[in-house]
Amino acid sequence: MRAGTFVYPWDVDGDPAAPGLLADLGLAQVTLASAYHSTRALTPRHPAHRIVTAEHAAVLYPPDPGRWADRPLRPHPAGEWAPGDSFGRAAEALAATGLEVHSWVVLAHNSRLGAEHPETSVVNAYGDRYPWAPCVGRPDVRALLVGLAAEAAVRPGAAGTELESCGWYGLAHLHAHDKTGGVALGEREQYLMSLCFCPSCREGYGNEGADPGELAAAVRAALAPVWAGSGPAGGLGALEAPTAAWRAGTARTFQEAAVAAVRAAAPAGFRVLLHADPDPYRCGADAGTDPVHVLGLADGVVARPPRIAGFAAHARPGTVLAANLSVVTGMGGAPGRLAHDAGLAREAGAGELRLYHAGLASDEDLAAVRSALRRLG
């Protein structure tokens, strides 16, 4: 199976040994972050540092001033954690080893945007804002993210791109010192807590025939048993269908616009994949999609192994289905099971692997990856 791994520019930039180490794993490609959210990351082998703190969502290259002039919403360049064209330097070093470089673009996940422009954030049924989650129902947010998709995807040296969080984001968020686990929330509860009630979404629900005030009240009523500990969330009754219609239609048109913008900026043969989930109700990094629609739009998807089968049933010849497998033991991955897990992913319909994440993995983890990829051929 063709295998690639996710990497940050700071894993490679400034470390002459990193490109060769990655190439020696038996990879065909590296998916290199070009636009990424805030994070704190380990760099176990870099000669200059061990911990990188990316303080805010940023592009890891110099943004084009002409593209963003006079626009109130714009991407920010990185600080000292990825100075200048860190993406470009890393991409050039990786390509010199024969590795194919694809850009990794995070879209609807941006806490700095929410902090500086709180009106852009998802607002839940209780009136709480999620500053990490830009609302893709807002025209100004869509314009920012579509422009970002085109610029961050089509970087010099990139042969393709993978667009993450290309759809609705919501409650789920790996946040510093998170304290939201006191009440267990399943998929239904996560969905209800992720429904947005910003002015754009309230108008959207209304256009679908749902009164937004009644809908917000229905969401709170549906969640009441969860907070009381007396049962799971209930339904929304007649408001369920118009709510889903607004959300699905908004995600579809956003995905269409983002992919079209990348295609317009890219050379022929540039491959566009979405990190996606076949359940349209899903929010987050793997955005919920209609599988038939997204596979007709993009060249394929990157998805968690249990979700691959939902796309495989609709795949056409040439469609890329890449299974996202964690290989970092300290983060719950199982590099020692990689060959086995890759086999299960193949049975589910995957033709490629994405390994999360070579820059974060220990030497021992990478040794297991190297061994597994050699067995897989």
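## The second largest cavity

Trp-10, Tyr-36, His-37, Ala-54, His-56, Ala-58, Leu-60 and Trp-81 line the second largest cavity of this structure, which is a predicted model.

## The largest cavity

When the whole structure is searched, two cavities of 30 Å³ or more are found, and the largest of them has a volume of about 110 Å³. Its lining is made up of 15 residues, of which Tyr-36, Ala-57, Ala-58, Asn-110 and Leu-148 are the closest to the centre of the cavity. Tyr-36 and Ala-58 were also named above, in the lining of the second largest cavity.

At least two residues of the lining of the largest cavity come from each of β2 (29-36), β5 (58-59) and α6. Sorted by class, this lining has ten nonpolar residues, four polar residues and one charged residue.

## Helix α6 and its partner α10

Helix α6, which spans residues 139-153, packs against helix α10, which spans residues 240-265, at an angle of about 35° and with the two axes 8 Å apart; the crossing of α6 and α10 is right-handed.

On the α6 side, the residues in contact are Arg-142, Leu-145, Val-146, Ala-149, Ala-150 and Ala-153, and these meet Thr-250, Thr-253, Phe-254, Ala-257, Ala-258, Ala-261, Val-262 and Ala-265 of α10. By class, the contact between the two helices has eleven nonpolar residues, two polar residues and one charged residue.

Key: Residues are numbered from 1 along each chain as its sequence is written. This is a predicted model: local features need pLDDT of at least 70, side-chain atom pairs count only at pLDDT 80 or more; totals for chains, interfaces and linings use all residues. Side-chain values use heavy atoms; hydrogens and water are left out. Axes are lines fitted to C-alpha atoms, for helices over the stretch in contact, and angles run from 0 to 180 degrees between N-to-C directions. Helices (H or I, at least four residues) and strands (E, at least two) are DSSP runs, numbered from the N terminus. A crossing is left-handed if the near helix is turned anticlockwise from the far one by less than a right angle, and right-handed if clockwise. Contact means heavy atoms within 4.5 Å. Ala, Val, Leu, Ile, Met, Phe, Trp, Tyr, Cys and Pro count as nonpolar, Asp, Glu, Lys and Arg as charged, and the others, Gly among them, as polar. On a 1 Å grid over the protein atoms alone, a cavity is a set of points where a 1.4 Å probe fits but cannot get out, and a pocket is an open set with protein on both sides within 12 Å along at least five of seven lines; lining residues have an atom within 4 Å of a point. Grid points are joined across faces, edges and corners, and a volume is the space filled by probe spheres set on the points.
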